[in-house]
Protein chains: 2
Amino acid sequence: MATLDAIFEATIQLLLRDGPHRLTTTRVAERAGVSVGTMYQYFPHKKALIYALNERYLDALGDRIEAACRAHHGAPVDRMIDTLIDTYWRAKTGRADVTRALYRSVVEMDNEALIEVFASRADAACAAMFASAPDMTVADLKRFNLTLLTVIFGTVRNAFERNLSPNEAEELRGELAMMCKAYVRTRMIPHNQQ
Amino acid sequence: MATLDAIFEATIQLLLRDGPHRLTTTRVAERAGVSVGTMYQYFPHKKALIYALNERYLDALGDRIEAACRAHHGAPVDRMIDTLIDTYWRAKTGRADVTRALYRSVVEMDNEALIEVFASRADAACAAMFASAPDMTVADLKRFNLTLLTVIFGTVRNAFERNLSPNEAEELRGELAMMCKAYVRTRMIPHNQQ
DNA sequence: CCTCAAACTGAATGATCCTTCATATATTTA
DNA sequence: TAAATATATGAAGGATCATTCAGTTTGAGG
C-alpha cells in the first residue's frame, strides 16, 4: 500500500536526519503526508512501527542470503565465500541510508528476537551451502560456519560504521575475502587438489 | 570523586536494566543516591553525562590498547595478533555489562567524534607495533593494519552481540586468531623464514 | 443521487521528562 | 566561632510526546 510505504520511508528519513530520539509519531506522519491518526490505523504503537521496519529489512536480507546460498550449491568454497561477502556487502551498502537508519533504531526496542531469527536463517543457509562444496574437507563444519559468518557480518558492519572512503572500503572488502580464503585453507584437511 | 562514580555506575545499571529510553535524570540521581540538582552540578545536560561515560570508557580502552602495543614492540607478528585480539576481547568481556550498556547508549548522541578519536589512536598504536616486527614484510602496511583492526574489532563486537555460549565464544576467539595469522602469511612477501 | 463502510483527520488529553532555582546543609577560611 | 564558600536538595515550570476519538472525507455499490 502507498500509505504504508510512505510511512516507512518517512521513518527512515527521519531516523537518518534527526536520530532516533527525534523520531516522533507526529513528525513521521507529517513527513509521510498523512495524519497521526492514520498511522495508528496501521500500527498500534510507535514500537510496532519500528519493529515492522526492522522485520521488513531483515526478512529481505534473509531472503537475499538464502537465495545466494541456494544459487551456489555445489560451487567451490572460494566462490561461496566471494558470494557471501558480496551479497552481504551489497545489501548493506546498496541502500546505505536504510542500513544506517536501522542500526540506529535497533536500540529502541527489543528486537533481539528478530536478529535471532535472521541469524538462524543465515546460519542454516550457509551451513547447507558449505556442506555442498565438492572441495569441502573441514572437520568441524559448525565451527567453521559460525566463524565465517561472525567475521564477515561483523567486519562489514564495522567497516560501515567507520567512514571509510570508497577506495578504502573496496580495498577492505578484497582483503576480507582474501582473509577468509586463507582461513579456509588453514582449516581444510589436505586432500588431492591443485 | 565518590559522587561522580556513583552517578556513572547508576547510569550503567539503568542503561542495562531498562534500556536507553528509560534512562531518566531523575532515575539516575535516585539510584546514585543523590538529588537531580546534584547531577546538574556535574553535568550541564543529560547528553553530557552519556558523553562523559563513553569518553571515559573509550579513553580507558585506548590506553589498554596502546599499552599492549607498546609492550609488544619488536615481537613476532603472530604474537602481536594474539595480543591484539586478547586485549580487545578481554576489554569487552571483562566488564560485559558496561560494554553492553554503552553499545546501547551510543545511539543517544553524536559520539562519532569520540569513536573517531579512539579509532585513530588504535590505528596509530597498532601500525607502529606492526612496523616494528622483525618478521614483518607486508608491502602495504596501512592497508594491512586497517584490515586487521576492522576485522578484529568488528568480529568481537558481533560475537558479543550474538549470545554465544562461553564455549562457542572461546572457540570463535581461537578461530579468529588463526584466521588473522593465515591472512598475515598470505600478505607477507616470502623472505627467509622457517 | 443516496447510503454505508472504510479510511482519514488533528485538536485535546494525560503522562513523562529535562532543567531551573530558591533554599538548606556542609565545609573551609579568617 | 562567625562568615564565606562550596555542595546538595527537590518541588515546580515548561516543553515534548504517544495516544485517543469524535467527527470528516472518500469512494464503491445500488
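Author: A salt bridge is a side-chain nitrogen of Lys or Arg within 4 Å of a carboxyl oxygen of Asp or Glu. This is a predicted model, where local features need pLDDT of at least 70, side-chain atom pairs count only at pLDDT 80 or more, and totals for chains, interfaces and linings use all residues. Residues are numbered from 1 along each chain as its sequence is written, chains are lettered from A and ligands numbered from 1 in the order in which they are written, and side-chain values use heavy atoms, with hydrogens and water left out.

Reader: Why is the pair Arg95(A) and Glu9(A) called a salt bridge?

Author: Their side chains come to 3.3 Å, N to O. The rule asks for a Lys or Arg nitrogen within 4 Å of an Asp or Glu carboxyl oxygen, so the pair qualifies. Between domain 1 and domain 2 of chain A the count is 2 salt bridges. By class, the side of domain 1 of chain A that touches domain 2 has 5 nonpolar, 1 polar and 2 charged residues. Here Ala, Val, Leu, Ile, Met, Phe, Trp, Tyr, Cys and Pro are nonpolar, Asp, Glu, Lys and Arg are charged, and the others, Gly among them, are polar.

Reader: What makes these two parts of chain A domains?

Author: An automatic or database domain assignment sets the bounds. Domain 1 covers 1–42 and domain 2 covers 54–187 in chain A. Their C-alpha centres lie 30 Å apart.

Reader: How do you know how much area domain 1 and domain 2 of chain A bury between them?

Author: Buried area is the accessible area (1.4 Å probe) that two parts lose on being put together, summed over both. For domain 1 and domain 2 of chain A this comes to about 790 Å², 65% of it on carbon and sulfur atoms. In domain 1 of chain A, Leu15(A), Leu16(A) and Pro20(A) lose the most area to domain 2, together 56% of what that side buries.

Reader: What makes Tyr42(B) a polar contact of DNA strand D?

Author: A polar contact is a pair of N or O atoms within 3.5 Å; within protein, one must be able to donate a hydrogen and the other to accept it, and residues adjacent in sequence count only if both atoms are side-chain atoms. A polar side-chain atom of Tyr42(B) lies 3.4 Å from a phosphate oxygen of DNA strand D, so the pair passes. A polar backbone atom of Gly37(B) is 3.4 Å from a base nitrogen of DNA strand D.
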